[in-house]
Amino acid sequence: MSDSAQSFLPKWIAWESTRRCNLQCIHCRCSSDQDAPEGDFSTTEAFRLVDDICKVSRPVLVLSGGEPLLREDIFDIAAYGTEQGLRMCLATNGTLVTDSVCREMKSTGMRMVSLSLDGSSARIHDDFRRCAGAFDATVRAADTLRRNGIPFLVNSSFTQRNKDDIAATFQLAKKLGAVAWYLFMIVPTGRGEDILDELITGADYEEILAWHYRQEQEEQDILMRPTCAPHYYRIVLQQARAEGISHQRRSLSFSTGGSKGCLAGQSICFIDAFGNLKPCSYFPRVVGNVKQTPFSRLWFESPLLNELRDFSCYRGKCGVCEYLRVCGGCRARADAVYGDYLAEEPFCSYEPPATGVVKDEKHE
């Protein structure tokens, strides 16, 4: 394997183990519901996928959905992945988490569970999730996981409808006992395409990410990370430079790190319920199908993935930005907005000096 190939090994893979879900969230990437097709991976085929991944690396493998706990063999798959040396995690909406489920999780060697919390109250969260009782279920799940000694992180997604609740949601995640809080900026795919007018603006992005930076400097009890907001890494460098400090970021012991923005197709990828490999969970373009072509071949030989790894291909502001290699812009968001995954990040308000654009500071 060449040195260049070695520099792009998968460190984090999400596998959509089922599309079935008991919620109908407004931003859902795969438009899941209770009647969605489950996908056609048998248990044996799931084991084979684990084996194929292990031929390339030993990444974090997140069993996602839909709602993965609706899949009867989910703990068999988790146990097999752990046996093969993968760091197994589970992404759940929390509604089906019980003490008996926690015992199953522990028996498989599962490293982490993620819960979704999109508001600090039932009114806000349930409106976002379009399901009465979803907030109470997440809070119960957090309590159940904590009582059973299972570490969990909280993912929080934000649009215009709940952006004013970000700080309060973060405080609730801390109170619930989460080891990490990931702030997600919506990418308009799946049902998210229907709420384009609710996406957070470039100006709001800057304000929210600046708040995140300040909070992260003060916070020692919980790890924080913005997700699908790669320009945060530009803001970190700008702020640290202005303050004359060296910014040191913490990470989970088994995570992908956190020193760079968009990692789609570089160190992360997504496999849907039917075997289609995509650069990330929000990137709808298909690289190939792992049931037809070995994962290793798709990972190393895909023209799409290799374009994402070649920064000289990037266009617009991103192509001339001095922060390109630490940010990269969200490729999925560029694709969703412009139909071009190599275009500039559409919700970044930063103007690189190379563009020659002079901003009027009086009107900022």
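Which side chain of opposite charge is nearest to R331, and how far away is it? I found E345, at 6.1 Å. Lys and Arg count as positive and Asp and Glu as negative, with His and the chain ends not counted. R331 is buried yet has no salt bridge. Buried is under 20% relative accessible area, with a 1.4 Å probe and protein chains only; a salt bridge needs a side-chain nitrogen of Lys or Arg within 4 Å of a carboxyl oxygen of Asp or Glu.

This is a predicted model: local features need pLDDT of at least 70, side-chain atom pairs count only at pLDDT 80 or more, and totals for chains, interfaces and linings use all residues. Residues are numbered from 1 along each chain as its sequence is written, and side-chain values use heavy atoms, leaving out hydrogens and water.

I placed R331 in helix α13, residues 331–338. Helices are DSSP runs of H or I with at least four residues, strands runs of E with at least two, numbered from the N terminus. Leaving aside residues up to four places away in sequence, R331 touches E345 and others, including C262, F283, Y314 and E344. Contact means heavy atoms within 4.5 Å.

Next I checked α4 (residues 99–107) against α6 (residues 134–147): their axes come within 10 Å and cross at roughly 50°. The axes are lines fitted to C-alpha atoms over the stretch in contact, and angles run from 0 to 180 degrees between N-to-C directions. D99, C102 and M105 of α4 make the contact with T144, L145 and R147 of α6.

Buried residues make up 57% of the 364 residues.

Conventions: Buried means under 20% relative accessible area, exposed over 50%, partly exposed in between (1.4 Å probe, protein chains only).
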